[in-house]
Amino acid sequence: MNTMLRKSVLGIAGLAFTGGVFAGPIAAHAAEPVQGNKPVAVSVQGAQSKIDLNDEQTANAKAIIAATKKAGLPERAAVISIATSLQESKLENLGHLGDANDHDSLGLFQQRPSSGWGTPEQITDPEYSTLAFLKGLKQVDGWQDMPLTEAAQTVQVSAYPDAYAQWEQQAADIVAHNWNS
């Protein structure tokens, strides 16, 4: 490659890098849902997943938000709860899935009667299961300020502890859109 072409390519790459350094944090901050003046998402970690929600899934997300308010907890608790449910059940209130079931896991959070989460009827009630999850969350010291995946994992004790992080942005968007409705 001749010297002039190489300098041009390196110059363009340098400009692109500099633009990304300065514009990246601004663009990233602009995309964060806001609660008053405070972002609902503390810091989104890693690649994000997103699914289109049907009416049932939207109703379940709203039920999680209502239960969070009933428990007197802030929007951040709803974000953690919805992200957890997105990972565990895609916001579907799952009954027993036969051979495809993970042990005796049920409901929005895939809670297990055999682990003391409640009866199958209770666990498949969106309000009950959310309040049970939130009771566990409140017992985690500093959950408000820790990464979402760490807070969720401490409550859920999943075989895939980092999987919750991928749903944080969608959960924050759902909460920002529905918290005041």
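Modeller: Start with L91, which sits in the loop between α3 and α4 (120-123). Bear in mind that the model is predicted.

Biologist: Why is L91 called buried?

Modeller: Buried means under 20% relative accessible area. L91 has 0% relative accessibility, so L91 counts as buried.

Biologist: Where is V157, and what is its phi?

Modeller: V157 lies in the loop between α6 and α7. Its phi is near 55°, again a positive value in a residue other than glycine.

Biologist: Is V157 buried or exposed, and how do you know?

Modeller: The cut-off for exposed is over 50%. V157 has a relative accessible area of 64%, so V157 is exposed.

Biologist: And what label does P74 get?

Modeller: Partly exposed is the range between buried, under 20%, and exposed, over 50%. P74 has a relative accessible area of 34%, so P74 is partly exposed. P74 is in the loop between α2 (55-70) and α3.

Biologist: Which residues does P74 touch, beyond four places in sequence?

Modeller: P74 touches T68, W143 and W179. P74 and Q144 are 70 residues apart in sequence, yet their C-alpha atoms are 9.1 Å apart in space.

Biologist: Take W143, then. Why is W143 called buried?

Modeller: Its relative accessibility is 4%, so W143 counts as buried, the limit being under 20%. W143 is in the loop between α5 (126-138) and α6.

Biologist: What is W143 in contact with, leaving aside neighbours within four places in sequence?

Modeller: W143 is in contact with L73, P74, R76, A77, I80, L137, K138 and A151.

Biologist: Which residues meet in α3 and α6?

Modeller: R76, V79, I80, A83, T84 and E88 of α3 meet L148, A151, A152 and Q156 of α6. They divide into 6 nonpolar, 2 polar and 2 charged residues.

Biologist: Why are α3 and α7 called oblique?

Modeller: Helix α3 (residues 75-89) and α7 have axes that come within 8 Å and cross at roughly 130°. Roughly perpendicular stops at 115 degrees, and roughly antiparallel needs over 145. α3 and α7 are therefore oblique to each other. Their crossing is right-handed.

Biologist: Which residues make that contact?

Modeller: On α3, they are E75, R76, A78, V79, I82, A83 and L86. On α7, they are E168, Q170, A171, A172, I174 and V175. The residues of this contact comprise 9 nonpolar, 1 polar and 3 charged.

Biologist: How do you know that α7 is largely enclosed by the rest of the structure?

Modeller: Of its 11 residues, 8 are buried, so α7 is largely enclosed. The buried ones are E168, Q169, Q170, A171, A172, I174, V175 and N178. Their cover includes α2, α3 and α6.

Biologist: Last, the whole chain. How many helices and strands are there, and in what pattern?

Modeller: The chain has 7 helices and 2 strands. Along the sequence they follow the pattern α-β-β-α-α-α-α-α-α.

Biologist: What share of the residues counts as buried?

Modeller: Of the 181 residues, 38% count as buried. The accessible surface comes to about 10,000 Å², and 56% of that belongs to carbon and sulfur atoms.

Biologist: And what share of the contacts with a separation of 6 or more is between residues 24 or more positions apart?

Modeller: Such pairs account for 60% of those contacts.

Conventions. Residues numbered from 1 in each chain as written. Predicted model: local features only at pLDDT ≥ 70, side-chain atom pairs only at ≥ 80, totals over all residues. Heavy atoms only, no water. Axes fitted to C-alpha atoms, helices over the stretch in contact; angles between N-to-C directions. Helix = DSSP H or I, 4+ residues; strand = E, 2+ residues; numbered from the N terminus. Parallel < 35°, antiparallel > 145°, perpendicular 65-115°, else oblique. Left-handed = near helix turned anticlockwise from the far one by under 90°. Contact = heavy atoms within 4.5 Å. Nonpolar A, V, L, I, M, F, W, Y, C, P; charged D, E, K, R; others polar. Buried < 20%, exposed > 50% of the residue type's maximum accessible area, 1.4 Å probe, protein only. Areas by Shrake-Rupley, 256 points an atom, 1.4 Å probe, with all protein chains shown as cover.
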